[in-house]
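Here are my notes on the model, for reading beside the coordinates. Please check each point in your viewer.

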Amino acid sequence: MSMKFEIQTFETLPSTNSYLTELTKKNAKPWTVIYAKNQTNGKGYAGNVWKVEKEQNLTFSFYLKTSLDFRELIFLNEWITVTLAQFLSRYLTDIHVKWPNDIIASDKKICGILTESYKSNQAMHSIIGIGLNVNQIDFNAMPRASSLKLLTDKTFDLETLLHDLMTAFCEQYNVIDNGNFLEIHEAYQAKLYKKNEWADFVVDGVQCKGCIKKSDEQGQLWVAFEDGNIRAFQHKEIQLIY
């Protein structure tokens, strides 16, 4: 089944996710894409704020209407991150997914994702917000951030890149639509940043050494520690230092 997206471009919006959420309540079509050249109050995962330079990056949201239930949304998140990672592999070699949903290139964050979902009329409505660092080169306030331009030494046309990325989502949509959750989950594990590597973490305010073993199908991260203990964590219960 061929998917068709429609991009609506705005010079400035406070938040593409908030704008698109309101549209979905007024019968917006699935695969509507809201792209803001300048996003003034972008939302990040778990209440964080996503700040970017205007007209240098991709800040956009798109709308999916599915038959998923709430416990299956973990696979939607994994599908989004894996599809993004695979797309960015066209331009970069060292691409990983930092649990739960950041894209890391050469040990720097280049992309964040925020998915907000609600159920109505027996359907799941998901608004997928993506912030991708593209042509910005100054990240003095964010030492762990980078961009496509910094990593490739090339300048990208933002609208072309957005069109190509949405085409990739459309081409891969059958994987989530058909419920191929095991395939999605295994692809996510293969991209998981610092998996089976010793790394520094902060747990309960204390820095320690740990080794990521996996993320599970409930979205928890399993980490082994030097004392032999293995623990499962929800988001915000553990911080990876990188």
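1. Terms first. Buried means under 20% relative accessible area, exposed means over 50%, and partly exposed lies in between (1.4 Å probe, protein chains only). I128 is buried, with a relative accessible area of 0%.

2. Ground rules. This is a predicted model, where local features need pLDDT of at least 70, side-chain atom pairs count only at pLDDT 80 or more, and totals for chains, interfaces and linings use all residues. Residues are numbered from 1 along each chain as its sequence is written, and side-chain values use heavy atoms, with hydrogens and water left out.

3. The sheet. Helices (H or I, at least four residues) and strands (E, at least two) are DSSP runs, numbered from the N terminus. Two strands pair if DSSP finds at least two bridges between them. Seven strands make an open sheet in the order β1-β2-β5-β9-β8-β7-β6, with mixed pairing. Its edge strands, β1 (6-13) and β6 (95-98), each pair on one side only. From one strand to the next, the twist averages 20°. Axes are lines fitted to C-alpha atoms, for helices over the stretch in contact, and angles run from 0 to 180 degrees between N-to-C directions.

4. Around I128. This residue sits in strand β9 (residues 123-132). Strand β8 (residues 108-120) runs antiparallel to β9, and ten bridges join the two. T115 has I128 as its bridge partner in β9. Contact means heavy atoms within 4.5 Å. Beyond four places in sequence, the contacts of I128 include N17, F60, I80 and L114. S61 is 67 residues from I128 along the chain, yet their C-alpha atoms are separated by 5.2 Å.

5. Helices on the sheet. Helix α1 (residues 16-24) packs on the sheet and touches β1, β2 (32-39), β5 (58-66), β8 and β9. The direction of α1 makes about 30° with that of β5. Helix α2 (residues 73-88) also packs on the sheet, touching β5, β6, β7 (102-105), β8 and β9. The direction of α2 makes about 145° with that of β8.

6. Aromatic pairs. Rings of Phe, Tyr and Trp (its six-membered ring) pair if their centres lie within 6.5 Å; planes under 30 degrees apart count as stacked, over 60 as edge-to-face and the rest as tilted. The structure holds eleven such pairs. F75 and F181 are stacked, 4.7 Å centre to centre with 10° between the planes. F75 lies in helix α2 and F181 in helix α5, so the pair ties together parts 106 residues apart in sequence. F75 is buried at 7% relative accessibility, and F181 is buried at 18%. Y193 and Y242 pair edge-to-face, at 6.0 Å centre to centre and 85° between the planes.

7. Backbone points to check. The W99 to P100 peptide bond is cis, with omega near 0°. P100 is in the loop between β6 and β7. W31 has a positive phi, near 70°, though it is not glycine. W31 lies in the loop between α1 and β2 and is buried at 6% relative accessibility. K194 also has a positive phi, near 65°, but K194 is partly exposed at 21%.
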